[in-house]
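I wanted to keep what I looked up in one place, in the order in which I looked.

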Amino acid sequence: MGRIVRIVMVLVHYIVAMKPLRTAAIAGAWLAVAALGILAQPAGSQKAFTGVRLIDGTDRPPIDDATILVSDGRVTFAGPAAHILGGTEVVSLRGKTVIPGLINAHGHVGDTAGLDGGRYSAANVTRDLRLYAAYGVTTVFSLGGDQAPSLAARDSQRMPALDRARLFVAGPVLAPKTPDEARALVDADAAMKVDIVKIRVDDNLGTTPKMAPEIYRAVIDQAHKKGLRVAVHLFYLADAKSVLDAGADFIAHSIRDADVDAEVIAALKARDVCVCPTLMREVSTFVYESTPAFFSDPFFQKHADTQTVAALKDPARQETMRESTAAQRYKTALEVASRNLKKLSDAGVTIAMGTDTGPPARFQGYFEHMELELMAKAGLTSRQVLASATRDAARCMKIDKEVGTLEPGKWADFVVLNADPLADIKNTRTIDSVWMAGRRLP
């Protein structure tokens with residue numbers, strides 16, 4: 001019976017793309033659904049969101065006057081206006097646009113309370129996840145520094161009553177000194193039941209030693225033996241080629257020292273390895289050399305940490321950043337990263353939106369919207385940018401069975417907007433409300 005229901009729901013979902021006979025086809029499908037009794041549910045167990053312009057995150061065009069049906073926190077239908085049986089709670093969203101909740105494929109949570117840092121705690125994890133969610137970022141993949149509170153948050157989120165963003169974790173960023181230590185640390189990660197392994201292959205502009213190839217090869221090999229994927233922080237084109245040859249599964253930052261070439265593009269595409277641009281990470285390294293314009297943005301001010309903002313306005317701090325050689329180097333790196341984003345996207349490499357937010361002065365939630373704007377400025381269309389922050393990010397992080405699109409069976413995590421983000425990606429900032437598992441967040 002359950003399998004038949006799922007088949008009918010899928011048929012209903014896909015019929016929306018058929019223009020000829022659409023009305024008759026949908027009506028027939030819904031009669032079949034009703035005959036199976038799946039809409040005859042107790043009062044309050046199902047919600048219907050009606051009248052929306054639906055951008056469901058798939059390749060299908062937007063649907064006007066759409067209905068989203070949600071039961072027990074999951075989508076059961078998302079498509080053209082549908083018959084709603086009695087006992088269903090109806091939420092009118094007429095005039096609004098609905099998109100899947102945004103997914104940050106590279107963030108951090110839990111210990112970043114202001115510029116002086118903060119104690120890692122369950123309260124701080126929850127605080128950060130609620131902040132992300134307030135900005136419509138409903139899923140975060142935390143790539144490093146994760147401790148027990150983050151794992152506990154991840155393990156308790158499969159419920160309709162969730163009131164903050166979903167979380168997936170990498171555990172500690174591994175920094176082994178030998179191949180044997182590399183294997184032991186991967187084993188410890190596996191015992192923690194992390195979602196991915198994270199390493200750094202970078203010399204921080206020549207100021208620190210870089211992980212040796214024999215060590216990161218040991219990490220990657222052992223992780224694969226344990227059924228885990230490996231995300232790699234890197235900077236240089238040569239390192240990207242080397243870690244891809246070693247089997248790296250996710251490139252967690254842009255290549256920023258040189259333009260990408262055919263060799264690295266081929267390596268990325270051969271195993272469908274995704275790239276996470278984190279353009280705002282570069283911005284954060286130099287933007288506070290003066291007071292940035294976004295400090296005056298009401299969308300930023302709504303949730304900004306005022307103490308951090310005040311510290312970043314300090315003239316002495318700003319002068320230090322202006323005189324920083326590293327800051328100026330990263331300013332150039334942003335230009336390279338932007339060019340590479342466009343080249344990789346044009347070549348068919350899958351892009352996963354990510355920001356590296358969480359560390360001090362990288363503002364969670366707000367920076368994700370700035371990232372979308374920078375991706376559009378790099379030359380991606382609004383549709384490509386939105387896909388990178390929803391469906392593609394979910395696919396890249398292997399969580400697309402649960403989130404990323406508004407399709408039957410997935411969590412009803414979505415953002416209600418007052419304007420169409422396909423017309424202008426900056427319209428993701430026109431948030432009317434955010435819904436987790438079909439429940440409106442305060």
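Before I counted any pairing, I noted the rule that two strands are taken as paired if DSSP finds at least two bridges between them. With that in hand I turned to strand β10 (residues 197-201) and strand β11 (residues 230-234), which run parallel and are joined by five bridges, so the pair meets the rule of at least two. Within this pairing I found V201 opposite L234 of β11. I kept in mind that the model is a predicted one.

Entry on the sheet. As a reminder to myself, strands of a sheet pair through backbone hydrogen bonds, either parallel or antiparallel.

Entry on two single residues. Is Q318 buried or exposed? I placed Q318 in helix α12 (residues 315-322) and found a relative accessible area of 9%, so Q318 counts as buried, the cut-off being under 20%. Leaving out residues up to four places away in sequence, I listed the residues that Q318 touches as Y288, E289, S290, T291, L312 and K313. For A270, in helix α8 (residues 262-270), the relative accessibility is 63%, and A270 therefore counts as exposed, since the cut-off there is over 50%.

Entry on the whole chain. I recorded 16 helices and 16 strands, and of the 442 residues 56% are buried. Among contacts between residues at least 6 apart in sequence, 71% join residues at least 24 apart. The chain exposes about 17800 Å², of which carbon and sulfur atoms supply 55%.

Entry on confidence. The mean pLDDT of the chain is 91, and 88% of its residues reach 70 or more, but over residues 1-44 pLDDT stays under 50. The model has 53 contacts beyond four places in sequence for residues 1-44. Where pLDDT is low, the predicted coordinates should not be read in detail.

Notes. Residues numbered from 1 in each chain as written. Predicted model: local features only at pLDDT ≥ 70, side-chain atom pairs only at ≥ 80, totals over all residues. Heavy atoms only, no water. Helix = DSSP H or I, 4+ residues; strand = E, 2+ residues; numbered from the N terminus. Buried < 20%, exposed > 50% of the residue type's maximum accessible area, 1.4 Å probe, protein only. Contact = heavy atoms within 4.5 Å. Areas by Shrake-Rupley, 256 points an atom, 1.4 Å probe, with all protein chains shown as cover. pLDDT = per-residue confidence, 0-100.
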